[in-house]
Every structure is written in C-alpha cells, then in structure tokens.
Amino acid sequence: KSKVGTGEKNLNTLFVAIVSFIVFCAAPALAVPTRIGIGDAISKGMLNNLELKAEAAKVTQAISDIGRVHGEFGPRIEGKAGLGPTTRATGNALSSRMESNRWGAIFLGQLEFTQPIFTWGRKTDYLRAAELGVVVRREDVKLREIELRYQIKEAYYGSLYAGSLLDFIREGKKDIDSVEEELGKKIGKEDRFRLDILRSQILAKEAEVERAHKVALAGLGLRVGAKAGEEVAPLEDWIEVEDRKVEPLEHYLKVSRAEKPEYRQLEAGIVAKKSLANAEWKAFWPVLAVLARYDFAYTRAREDQQSIYAYDPFNQDNFVVGLGVKWDFQWGLPAAKSSKFSAEAVELEAKQSYANEGFELLVKKAWLELKETEAKLKAAQDGAKAAKKWLAHALIGVSSGLGDVKKIVDAYQARAATLKDSYEAIFEHHLAWAKLSQVVGAEVDPLLLTKTK
C-alpha cells in the first residue's frame, strides 16, 4: 500500500511537470494581444512606418541641394600636373642648339583659382529655389503622415466594428441555445426548423465576420508597425459612440488654408520655378571674381633662362592674382532652361487657381458627409434600441412559458439587422471625422486632439 501510494505521488508529480512544461512552451503562442488606444496607435505608426522614413530621407536630400549651391558659387581650385619626355637643348631665345638624340624628363603643373564675388543675384535665386525645395519635401512628409493617420483610424475602428459584430453573433448563439433549453420538447417541428435555419445562418455569419475581424487586426498591426509575431488589438472591446462638437464649415476652411500641405507646396513651387528661371537668365551676364593662376615647369634637359623677361615654358615658376570676369558664352542653353522654368511656373499658377477651389470643395463635401453620418447614426441607434426591446420581450415570453419561436426568430433577425446598421453607422461616423481631418490637412477630430496631446 505504501509503495502504491508513493507510485501515485510520483506519477502526479510527473504529470504536473509535463503540463507545466507544455504550458511554458506554448506561452508565446497563447500570448495576449497588446492593447493599444487610438492615440498610441497613431504615435506608434508614425514612429515605425518605413514609407514615412523614406520621405524624411528625401528631405535630407533636398537640404543637400542648398550645400550644392554654396559649392557651385564657392571657391574653385583646378589643378593639373604631369611628367613627360623632352629632347635636350641649350642656348637662349636668340641662339639655341637641339640635341635630338638626347632625352630628359619634364615636370609640368598648373593651378587655377576662382572665387565669384558678384553674380547679379544668381546665387541668391538658386538658394531660394533650393530652400523652397526643402519646403516641398517637408510637405510631402506631412502628406504621408496625414494619409497614414487616416489608414490607422480606418484599421482601428474597422477592427472594433468587426469585433463588435462578432461578439453579438456569439451572444446570439447562446440565446438560441437557451431558447431550446427553455422550451425543450415543447418545440414543434416547424419551430425546430426555424431554429435550425437561424442557427445555420448565425454560424455562417460568424465565420464571415471572424475572418473579417482577423484581417482587420492584421491590418491594424501592419499600420502601427508591429514586430513579427506581435499582435495588437484596440484598447476598447466594442465600437462606441463618442460625441464631438462639429464646428461651422468656415472654421475647417480656415484651418485648411493655414495647414493643408498642398497649398504651401503650390506656393513654394511657383516661387522656386520663377527663381530658377531668373537664375538661368542671369547666366548671360559675366561673373565678377577673384582670379589667380600658378604655372610651374622644370626640366634639366633644357637650359634655364635666367632673365625674367624671357619666356621659358620648360623652366618656369609664375603666379598671378587679380580681379576679373568669368563669362560663359553658351547662351542657347541658359535661354532654353529659363524658358522651361518660366513655363512650369505658369503651369503651377494655373493649377493653383482651380486647385484652391477644389480643396475648399473637398472640405465642404467631407463636412456635409460628417453631418449626414450624425443623422444616420441617430436613426440607426433608435432602430437598434427598438429591436433590442422586441428581442427582450420575445425572450421573456420563453421564460414565462408563452414563447413563440417564430416571434423570437423574427425579433432576432430584426435585432441583428438593426445592430449591424448601428455599428456600421458608428464606424462611418468615426471615419467621417477621419476623412475631414485628411482633407483639411490637420487633425480636427476633438477626440484625437485630446488623446494625442
């Protein structure tokens, strides 16, 4: 008996150890998804998005153009040096003797220095264009941020929408099971068919919504830049109505004019193109510069001319410095470039005139859609409340023994349809705020303004 008791104890210990090991190994697979609020989701997405980082790298590239302009108009030193053969010769400028059968080495060198000091404002024009190029690139980053914010909101509220539907469907299954348990054998054949059909419809819809929910959660993880194997889920369990105050249309138009990246991109682009056109046109004019030149040559094969008045290309050490002009006579090229940039500036000005009206129309459209979703939301919620009361009344009838399966099926179908409409209306309301922020060009959702501060 003692041995049997000891054996059972050892088996129990072994069983506990095995179960503990299995649970430990399975722990990563059973990990609970990371819960994240909408504000943190947006912040995390901004931090991890690779496309945003790529756009930010383009800003750095644009900044380098400013340095390139400084380099183009900065000091320029050009040097040449070489070594070659030459025949031996003796004498001077008046009398010399060549020895063609004797050879020697000659060293040659030349340095030229140019420092522009007056360019008729050409450097300033190029710098202005380069600086405005940085502005355009930074607005590109902001445009991508605005787009990413909308995508994160869409994925966040979409996953809440699908999760809310899934919870309702699973609760509906429990309700059907409780009805069958309450009625038991009192269920007639036709009522049994009705319940079976309703259950099959619920199961089919559950599979569909469960897939949509998983896809939505995966999309949310993608948008926030979740690590491999990391699962994220919204902080809330259900999609809920959150009241916000809608400002007058003029308020959003004013914010848009001040914040929308496209406005600043067009303005910067027009000035940049005009600056480039002016810069190219000024290429016709000479540049005043400090000029310097140093020439060096040395060889033993030629007799060095000691007089400073004698020109000796084989042995020399000359340096000269002074003010001068540098003039490029390739006039056809700058004229073509100037015309091209002027035409592009005119094109942007034409786009600006109708784009401004288009931007305001987009804001007005998004504002009207937001107002529409508010009206639809109220109507959908009223319908969902009425259907909820109807279903509760039908289920109470079952509990009191006066239940009618047909009434329960009808009430449940009405409840499912109206609740879906209600959840969809809430989702569209959240998304309408997201769309308004996107077209305005800045966050205008009071809920997000609070949560992302």
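**Reading the terms in this model**

Guide: Helix α5 buries Asp191, Leu195, Leu198, Ile202, Glu206, Val209, His213, Ala216, Leu220, Gly221 and Val224. This is a predicted model, in which local features need pLDDT of at least 70, side-chain atom pairs count only at pLDDT 80 or more, and totals for chains, interfaces and linings use all residues. Residues are numbered from 1 along each chain as its sequence is written, and side-chain values use heavy atoms, leaving out hydrogens and water.

Visitor: How do you know what α5 should span?

Guide: Take 1.5 Å times one less than the number of residues. For α5 that gives 52 Å, and the end C-alpha atoms are 52 Å apart, so the two agree.

Visitor: What makes Ile270 count as buried?

Guide: Buried means under 20% relative accessible area, exposed over 50%, and partly exposed in between (1.4 Å probe, protein chains only). Ile270 has 7%, so Ile270 is buried. Ile270 sits in helix α7, residues 261-281.

Visitor: Which residues does Ile270 contact beyond its sequence neighbours?

Guide: Contact means heavy atoms within 4.5 Å. Setting aside residues within four places in sequence, Ile270 meets Ala345, Leu348, Glu349 and Gln352. Glu349 is 79 residues away along the chain, yet the C-alpha atoms of Ile270 and Glu349 are separated by 6.6 Å.

Visitor: How do you know where the buried residues of α2 lie around its axis?

Guide: The buried residues of α2 (residues 38-48) are Ile38, Gly39, Ala41, Ile42 and Gly45. They cover an arc of only 165°, so they lie on the same side of α2. That arc is taken from the directions from the helix axis to the C-beta atoms. The face turned away from the buried side carries the exposed Asp40 and Leu47.

Visitor: Why are β2 and β3 called paired?

Guide: Two strands pair if DSSP finds at least two bridges between them. β2 (residues 76-91) and β3 (residues 96-118) have 16 bridges, in the antiparallel sense. A hairpin of four residues joins β2 to β3.

Visitor: What makes β5 a partner of β3 too?

Guide: Twelve bridges join β3 to β5 (residues 287-299), again antiparallel. Here Ile106 stands opposite Thr299.

Visitor: What makes a group of residues a nonpolar core?

Guide: The members are buried Ala, Val, Leu, Ile, Met, Phe, Trp, Tyr and Cys residues, joined through side-chain atoms within 4.5 Å. The largest one has 50 residues, and those with the most contacts inside it are Tyr156, Tyr157, Ile239 and Tyr423. Its largest share, 16 residues, comes from α4. Tyr157 touches residues including Ile38, Ile239, Arg244 and Phe427, with those up to four places away in sequence not counted.

Visitor: How many helices and strands does the chain have, and what share of its residues is buried?

Guide: The chain has ten helices and six strands. Of its 453 residues, 36% are buried.

Technical notes. Helices (H or I, at least four residues) and strands (E, at least two) are DSSP runs, numbered from the N terminus.
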